[in-house]
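Subject: Structure for you to look over

Dear colleague,

Here is the structure I said I would pass on. My notes on what was found follow below.

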Amino acid sequence: MRSLILGGARSGKSALAERLALDSSREVVYIATAQAGDAEMAARIAHHRARRPRQWLCVEEPLHLADVLREHARDDRCILVDCLTLWLSNLLGDADMQGFERERDRLLNVLPGLPGDVLLVSNEVGLGIVPMGELTRRFVDEVGRLHQAVAALSERVVFVAAGLPLVLKGTLP
């Protein structure tokens with residue numbers, strides 16, 4: 001089962017995904033897409049690491065998400081990706097200008113055939129005003145398109161606000 005879990009900053013989306021991973025009773029592989037470019041981001045990464053169960057395998061991959069998913073997905077596993085928006089940001093900021101489209105297409109092609117459970121966490125950023133700056137507007141547009149495409153491929157889509165899940169597609173256990 002593929003699940004897309006959306007929410008704003010500090011909405012509880014990662015906590016919900018982690019609970020679903022624990023409740024799956026499967027071996028968990030946590031795929032982290034963040035890069036510690038500054039001290040504040042390093043602290044965020046450390047916070048996430050500290051609350052994860054030690055037995056979870058953690059794979060850090062900022063760019064080539066489809067490859068890591070293909071490598072680690074199995075019937076007896078639950079893969080938790082946190083998060084798609086950081087992955088997208090990494091790709092849009094990469095020197096390889098065609099990298100984003102190539103990696104996005106690879107992700108969308110691999111998702112439907114993956115065995116086991118896949119939980120994809122992402123930030124919903126398109127709820128406010130259109131931001132200034134070309135790159136920022138492109139990011140908002142691309143993440144919105146990515147969410148729509150991933151939601152179409154997912155059996156479950158959940159929006160989290162104030163720690164409360166709102167099921168948009170499928171059901172929660």
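The largest cavity has L91, L92, D94, D96, M97, F100 and R138 as its lining. This is a predicted model, and what follows should be read as such. Sorted by type, the residues around the largest cavity are four nonpolar and three charged, with no polar ones. The volume of the largest cavity is about 30 Å³. Searching the whole structure gives one cavity of 30 Å³ or more.

L92 has a relative accessible area of 12%, so it counts as buried, the cut-off being under 20%. From L92 to R104 is 12 residues in sequence, and their C-alpha atoms are 11 Å apart in space.

Is L127 buried or exposed? With a relative accessible area of 65%, L127 is exposed, since the cut-off for that class is over 50%. L127 sits in the loop that runs between β5 (117-123) and α6 (134-153). Its C-alpha atom is 9.7 Å from that of V140, a residue 13 positions away along the chain.

Next, the largest pocket. Its volume is about 600 Å³. The lining of this pocket takes in 30 residues, and those closest to the pocket centre are R10, R44, H48, D82 and L86. Two or more lining residues come from each of α1 (13-23), β2, α2, β3 and α4 (84-92). Which of these elements gives the most to the lining? It is α2, with seven residues. By type, the lining of the largest pocket holds 12 nonpolar, 10 polar and eight charged residues.

Two of those elements come up again with the aromatic residues. The structure has one aromatic pair. Its members are Y30 and W56, which are stacked, with 6.4 Å from centre to centre and 20° between the planes. Y30 is part of strand β2 (residues 27-32) and W56 is in the loop between α2 (39-51) and β3 (57-60), so the pair ties together parts that are 26 residues apart in sequence. Y30 and W56 are both buried. Y30 also has a charged neighbour: R52 lies over the face of its ring, 3.9 Å from the ring centre.

On α1, the buried residues include K13, S14, L16, A17, E18, L20 and A21. After α1 comes S25, which has a positive phi, near 60°.

Last, the overall fold. The protein has six helices and seven strands. Read from the N terminus, the order of elements is β-α-β-α-β-α-β-α-α-β-α-β-β. The radius of gyration is 15 Å, close to the 16 Å that the globule rule gives for 173 residues, so the protein is as compact as a globular protein of that length. Taken along the principal axes, the box filled by the C-alpha atoms is roughly 45 × 35 × 35 Å. Of the 173 residues, 45% count as buried.

Regards

Terms used: Residues numbered from 1 in each chain as written. Predicted model: local features only at pLDDT ≥ 70, side-chain atom pairs only at ≥ 80, totals over all residues. Heavy atoms only, no water. Phe/Tyr/Trp six-rings, centres within 6.5 Å; stacked < 30°, edge-to-face > 60°. Helix = DSSP H or I, 4+ residues; strand = E, 2+ residues; numbered from the N terminus. Buried < 20%, exposed > 50% of the residue type's maximum accessible area, 1.4 Å probe, protein only. Lys NZ or Arg CZ within 6 Å of the ring centre and 35° of its normal. 1 Å grid on protein atoms, 1.4 Å probe; cavity = no way out; pocket = protein on both sides within 12 Å on 5 of 7 lines; lining within 4 Å. Points joined across faces, edges and corners; volume = space filled by probe spheres on them. Nonpolar A, V, L, I, M, F, W, Y, C, P; charged D, E, K, R; others polar. Rg over C-alpha atoms; globule rule 2.2 N^0.38 Å.
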